[in-house]
Amino acid sequence: MTSPQSDTLAQGYRRLWWRRAALLLLLAAALLFAFVFDLSVGPMGLGWWEVTQLALGWVEGDAAQRVIVLELRLPYALMAVLVGASLGLAGAEMQTALNNPLASPFTLGIGAAATLGASLVIVFAPNLAGLSQLVMLPLAAFVFAAASCALLLLVGRTLGTEVHTLVLFGIAMLFGLNALVGLVQFMADAEAVQQIVFWTLGSLARASLDRAALLAVILAVCLLFALRQAWALTMLRTGEDQARSLGVPVGRLRALVLLRVSLLTGVATAFVGEVGFIGLVGPHIARLLLGEDHRFFLPGSALAGALLLSLASIASRGILPGVVLPVGLVTALVGVPLFVGLILARGRRAGL
Amino acid sequence: MTLQIAKLSSGYRQRSVLQQITLPPIAPGSLVALIGPNGVGKSTLVRSLAGLQPASGQITLDGDALAALSPRERQRRVAYLPQTLPQATSLIVYEMLLGAAYLSGETIQAQITAAIARVADSLGITELMLRRLSELSGGQRQMVGLAQVLVRQAPLLLLDEPTSALDLRWQLNVLEVVRSYVRERQAIALVASHDLNLALRFADQVIMLAPDRDCRMGEPLQVVTPDSLQTCYGVRGRVETCSLGYPVVLVDGVAEQ
C-alpha cells in the first residue's frame, strides 16, 4: 500500500535519524577523547596511551604513576564527566517540563538551595553530631536542593500547574536563597566565608571514586526513567494542550521531572559545589545539534554537559601550570564563548 | 459509533459555563459544526468531551461512558485538536506525528509510516514533514497540528477552530479532508468554528450554543436562521442561496436591542 511518496518520506526521516545517531556517537567519541586527555594532563608527562593502559590495568606502571593516575586524576576526571552529564540531563528535562529555555537547576534556585545548605553547615555546625564536614556538607546540600524542589512542586500543586508561575516562583526563590546565603556569610567569620566562596566557585577537588560511583548509579537510573518518558516529553514540546490531548499526564510528568532534577542536582552539587553554566548550556548545544526528539535530546544533553565539564576540567589544570583553578569558574570562561559562537552561527544560518 | 451527550455541565472555579446540555444522538459518519458567539462555551464543551475539563453528565460513545474509560483508552477513541497552535520549537514535523502515533498505542512501524504518509498526502503537507516547527508559518503549524490529530485514527475527532489561521484554499481543503475521514471510517467530527459559511457548506448537523444557555442542534439550515442569528450573535442577517446553490450567511449589521 505504500506509495513511492511515502517511501521517500520514510527514507528522508530515516536519513535524519541516522544523522542524529551519528552526531550522538560523535559527541560520545569527543567525550571519551576529552576524558583520556583529562587523565593525561599534568606534570608527569604521561601520554594518552600510557594513561589509558594504566587506567584499564593493562600495565602496572610504577607506584607514583599508579597513585597519580588512579587515585588522583581518575576520580577527578570521572567526576567531571558524571557531574556534567547529571547537570546537562537535569537542565534538559527542566527546560522541557517547564517549557522555558532559561530553566536550569541553577537559574531556578535549586543550586542556590544546595549552597545555602552547605554554608549553614560551614558556619554553624562544623562538627554536628560527630559527623565530619565531609559527610555533613554534601548531605545538607542535597537535603536543601530536594527541599527547594519539593517547594516548587508544592507551589505547582496549589496554584495549578501554570508553567510561568512555576518559573517565576523559581526565580523569586533564587533571589531569596541568595539573600539568605549572603546573610549567613555576613554573620560568619573570615575563614568560613572563604570556605563558602570556595564552594560557590565549584571544585572537583573533593572527588573520590565512591562518590563517582554513587553519582553514576543515580545518573543511570534517572536517565533510564527519563528515556522511558521520552515520547511524552517530546510531545510536551508541541504544546501542553497537545500533550494532554495525547493522554500525557502533564502535571504528574512535571512532578517526576522535578524529582529527578532534585536528585541529580542535589547529589552532583553536593560533591562539587556550584557549577552553574552546564545545566543551562548543555541542553542548548544538544538542541542545536540533535533537535528535540527526546530519544536523542536527553542523552545528547547529558553528553554535551559531560563534554563541557570535562573540557573545563582540562582547562582548569592547563591554563596556569601548577595551579588548579576552580572548575566552576573555568566552565563559564570556556563555555560562554563556545555558547555565544553557537548562537551566532545559528542566527546566521536562520537568517539565510 | 454513536455519540450521546446528556445533562453535560461544566465550567471553571467561579463560573459555570455549560449547564445541563442534552443533545440528540450524533450518528456515525457525520461532521457536526459547533457554533456560537465568543465565550459561550464552545471550547469548554469540546474540552469536556476530550476529558481535559472537569464535567458532570453522561457522555457515551458507542455505548461506552467516556468517563469510565482509562485515560489511555479514552485518548485512543477521542482525538482533540486544541485551539492553540503547536509551539514553534525545533521539533521536526515528522517526529510530532510519530510521537502521536506511538502514544496512541500503535506499535507496528510499517503501519505508522503508512499512516503518516497518508495523512501528510491528504492534507498536502508532505514537503513540510522534515522541517522544524519553528520554520513554519502559523497556518502551516495549524495544518501540522491537524495532521497530528488525524494520524491517531480515532473514531471521534474534536477540532477546536481548525481553520482559524488558514487561507481560503486551505480552509476548504481541511474540511474536505475531515469530511472524507469521517465518511470513510464512519467516525464523528465535532468542529467548533466561527465561520458560519463553512459550517453551512460542510456540516451534516449544526450545534448552536446561545448566550442565554439555549442550545439547539439540527440540520444546518434549520439552525442557522435570521432569527437565531439575531438571538445568538446579536446581528441582523440573512441566509440566502448563492448562484451555485450553496447557502450563504449575509450579515447586514448589529441588531438593535
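**Aromatic pairs, a sheet and some backbone details**

Student: How many aromatic pairs does the structure hold over all chains?

Tutor: The structure, which is a predicted model, holds four aromatic pairs over all chains.

Student: OK, what is the geometry of the pair that W17(A) and W18(A) form?

Tutor: The pair of W17(A) and W18(A) is edge-to-face, with 5.2 Å from centre to centre and 80° between the planes.

Student: And how exposed is W17(A), and how exposed is W18(A)?

Tutor: W17(A) counts as partly exposed at 31% relative accessibility, whereas W18(A), with a relative accessible area of 55%, is exposed.

Student: Which residues form one aromatic cluster with W17(A)?

Tutor: W18(A) and F296(A) form one aromatic cluster with W17(A).

Student: Then W231(A) and Y102(B): why is that pair tilted?

Tutor: The ring centres of W231(A) and Y102(B) are 5.2 Å apart and the planes stand at 40°, so the pair counts as tilted, given that planes under 30 degrees apart would be stacked and those over 60 edge-to-face.

Student: Where do W231(A) and Y102(B) lie?

Tutor: W231(A) lies in helix α9 of chain A, residues 230-236, and Y102(B) in helix α3 of chain B, residues 93-103, so this pair joins two chains.

Student: Is W231(A) buried or exposed, and what about Y102(B)?

Tutor: W231(A) is buried, at a relative accessible area of 13%, while Y102(B) is partly exposed, at 25%.

Student: Staying with rings, which ring does the charged end of R201(B) sit over?

Tutor: The charged end of R201(B) sits over the ring of Y246(B), 4.2 Å from its centre. In another such arrangement, R169(B) lies over the face of W170(B), with 5.0 Å to the ring centre.

Student: Switching to the sheet in chain B, what is the order of the four strands?

Tutor: The four strands form an open sheet in the order β2-β1-β4-β5 in chain B, and their pairing is antiparallel. Strands β2 (16-21) and β5 (64-65) of chain B stand at the edges with a single partner strand each, so one side of each is left without a neighbour in the sheet.

Student: How many bridges join β4 of chain B to β5(B)?

Tutor: Two bridges join β4 of chain B, residues 55-61, to β5(B), and these strands run antiparallel. As for the residues involved, L61(B) stands opposite D64(B) in β5(B).

Student: Which strands does helix α1 of chain B lie across?

Tutor: Helix α1 of chain B, residues 42-50, lies across β1 (3-11), β2 and β4 of chain B, and its direction makes an angle of about 115° with β1(B).

Student: What is phi of Q153(B) near?

Tutor: Phi of Q153(B) is near 55°, which is a positive value in a residue other than glycine. Most residues other than glycine have a negative phi. Q153(B) is placed in the loop between α5 (138-150) and β7 (156-160) of chain B, and at 32% relative accessibility it counts as partly exposed.

Student: What about R213(B), where is it found?

Tutor: R213(B) is found in the loop between β9 (205-209) and β10 (215-218) of chain B. Although R213(B) is not a glycine, it has a positive phi of about 65°, and it is partly exposed with a relative accessible area of 44%.

Student: Last one: what separates the C-alpha atoms of A147(A) and G266(A)?

Tutor: Their C-alpha atoms are separated by 9.8 Å, although A147(A) and G266(A) are 119 residues apart along the chain. A147(A) has its place in helix α5 of chain A, residues 133-158, and is partly exposed, with a relative accessible area of 43%.

How values were computed:
Residues are numbered from 1 along each chain as its sequence is written. Chains are lettered from A and ligands numbered from 1 in the order in which they are written. This is a predicted model: local features need pLDDT of at least 70, side-chain atom pairs count only at pLDDT 80 or more; totals for chains, interfaces and linings use all residues. Side-chain values use heavy atoms; hydrogens and water are left out. Two strands pair if DSSP finds at least two bridges between them. Contact means heavy atoms within 4.5 Å. Axes are lines fitted to C-alpha atoms, for helices over the stretch in contact, and angles run from 0 to 180 degrees between N-to-C directions. Rings of Phe, Tyr and Trp (its six-membered ring) pair if their centres lie within 6.5 Å; planes under 30 degrees apart count as stacked, over 60 as edge-to-face and the rest as tilted. Buried means under 20% relative accessible area, exposed over 50%, partly exposed in between (1.4 Å probe, protein chains only). A charge sits over a ring if NZ of Lys or CZ of Arg is within 6 Å of the ring centre and within 35 degrees of the ring normal.
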